[in-house]
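Dear colleague,

Please find below the structure that I promised to pass on to you.

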Amino acid sequence: MSATLNAFGMRAVKHPSGLARATAYAGGITSGYNTNLFQGTPVLLTTAGVINVGANGGDIIGVFDGVEYTDTNGRRQYSKMWPANLVATEIVAYVWDDPNTIFEAQAEGSIARTAIADQANFSVAGGFTVGAGNTTTQLSTMALSTTLAGVGVQGMLRIMDAAPYVDNAFGDAFTILTVTIARHQYVSNKVAV
């Protein structure tokens, strides 16, 4: 039973083709970008062609997976986190951006089976703040809201099912769900069913 809230943002778990991989965005983060990006953070693609943290309830391009860059000492680095204000060159951001990718996200509370095909945003109370994450694990700490969008309303993520773990099921204290992006920058938005 998912009895503890250990939110991790979003993690890619499956693709209908059987082949899932993050896309490399060369020059994908602006040197000095002033916001932490943790693995599992929803991100958007700006009109300048760079990755920024997504806005709760807004369209996103996908989920941040990591970054590689050359530091000010000329060394090539790879990290699952972009630290705010980092100055670097040759930056490559990795993003799970395929609209068909299925992710897992933990809810800030209990979610019932009736939530399948409904939509939700991230929880403000559960930690959806710009740069919310753990600098030790380099993982996002955002949780999915238990406030569902409802029929005919647009949310950020579409709920598919409960994640298939022995200790996880609908109705658990902090349900882990499989979700897809309902507000993807490459796809027309579809409201909750």
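What follows is a short account of the chain as a whole and then of some aromatic side chains.

This is a predicted model, in which local features need pLDDT of at least 70 and side-chain atom pairs count only at pLDDT 80 or more, while totals for chains, interfaces and linings use all residues. Residues are numbered from 1 along each chain as its sequence is written, and side-chain values use heavy atoms, with hydrogens and water left out.

The protein chain has zero helices and 14 strands, where helices (H or I, at least four residues) and strands (E, at least two) are DSSP runs numbered from the N terminus. Buried residues, meaning those under 20% relative accessible area with a 1.4 Å probe and protein chains only, make up 49% of the 193 residues. Along its principal axes, the C-alpha trace spans about 50 × 35 × 30 Å.

A search of the whole structure gives two aromatic pairs (rings of Phe, Tyr and Trp, the last by its six-membered ring, with centres within 6.5 Å; planes under 30 degrees apart are stacked, over 60 edge-to-face, the rest tilted). One of them joins Tyr-69 and Trp-82, whose ring centres are 6.2 Å apart and whose planes stand at 80°, so this pair is edge-to-face. Because Tyr-69 belongs to strand β6 (residues 62-70) and Trp-82 to strand β8 (residues 81-82), the pair ties together parts that are 13 residues apart in sequence. Tyr-69 counts as buried at 10% relative accessibility, and Trp-82 is buried at 0%.

Note on methods
Buried < 20%, exposed > 50% of the residue type's maximum accessible area, 1.4 Å probe, protein only.
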